[in-house]
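Here are my notes on the model you sent.

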Amino acid sequence: MAEQPIVRMQKVNKYFGRLHVLRDIELDVVPGEVVVIIGASGSGKSTLIRCVNGLEPFQQGAIEVDGHPLKPGDQGSRDLQAIRREVGMVFQQFNLFPHRTVLQNVTLAPMKVRGTDRREAEETARRLLDRVGIGNQAEKYPTQLSGGQQQRVAIARALAMEPRLMLFDEPTSALDPEMIGEVLDVMRELAGEGMTMMIVTHEMGFAREVADRVIYIHEGQIVEEGPPEEVFDRPQSERTQAFLSRVLKH
């Protein structure tokens, strides 16, 4: 019996005004799978994953996440709230609270959303900060950290909610080149531990290394998908070939 998808997108269409951003997206993600989404800027990659946890409402089609359905325009249902409890997201910008310590940033959501008591939340937070390599930074404020350290705090904060699925929206794009590796290392470890992940990235070497499946999006449509060795080494679509010939030169 085939494993039930944790994410199912069926004929999903998304518009910003008259601009048709996602076109009939059909996509399943099974538990434990790492799906990396690539494509040019403005192709709809970030919008796609933001639709998965309801940050962007869509106009047509259906999305189901871990058995919870999302309908067009859904912005406040119980199912949407359940999805947001079970899906962690890491953004391009770190979105940390500057007036709270690293430890407070990581404990806030479990205490407020899940009702976790402070001692348990802090124990979990310290364990996660150790896991991402910055356990010694717990009492500092975000502005005292490097960009790479702040992004690792953001990952720990997302993991503190014990998510079934992690979404990454170009998590290294705001980082200086020397800091990118430390964030990708954490993501590699998560992939190795079996975390289900959907990742939007421009880091093609990383995509080739960690992805179970690579999806190439062009103008809101899934043009090509498959194992990384097929998509990168033997792309079938001329659009995929043209895109990769540009990005792999750099």
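1. Among contacts in the chain (heavy atoms within 4.5 Å) between residues at least 6 apart in sequence, 64% join residues at least 24 apart. This is a predicted model: local features need pLDDT of at least 70, side-chain atom pairs count only at pLDDT 80 or more, and totals for chains, interfaces and linings use all residues. Residues are numbered from 1 along each chain as its sequence is written, and side-chain values use heavy atoms, with hydrogens and water left out.

2. Buried residues (under 20% relative accessible area, 1.4 Å probe, protein chains only) make up 52% of the 250 residues in the chain. The C-alpha atoms fill a box of roughly 55 × 45 × 40 Å, taken along the principal axes.

3. The largest nonpolar core has 48 residues. Such a core is a set of buried Ala, Val, Leu, Ile, Met, Phe, Trp, Tyr and Cys residues joined through side-chain atoms within 4.5 Å. Ile38, Ile155, Met166, Phe168 and Met197 have the most contacts inside it. Helix α6 (residues 177-192) gives the most, with eight residues; helices are DSSP runs of H or I, at least four residues, numbered from the N terminus.

4. Look at Phe168. Leaving aside residues up to four places away in sequence, Phe168 touches Ile49, Val90, Ile155, Met187, Leu190, Met197, Met198, Ile199 and Val200.

Notes
Buried means under 20% relative accessible area, exposed over 50%, partly exposed in between (1.4 Å probe, protein chains only). Helices (H or I, at least four residues) and strands (E, at least two) are DSSP runs, numbered from the N terminus.
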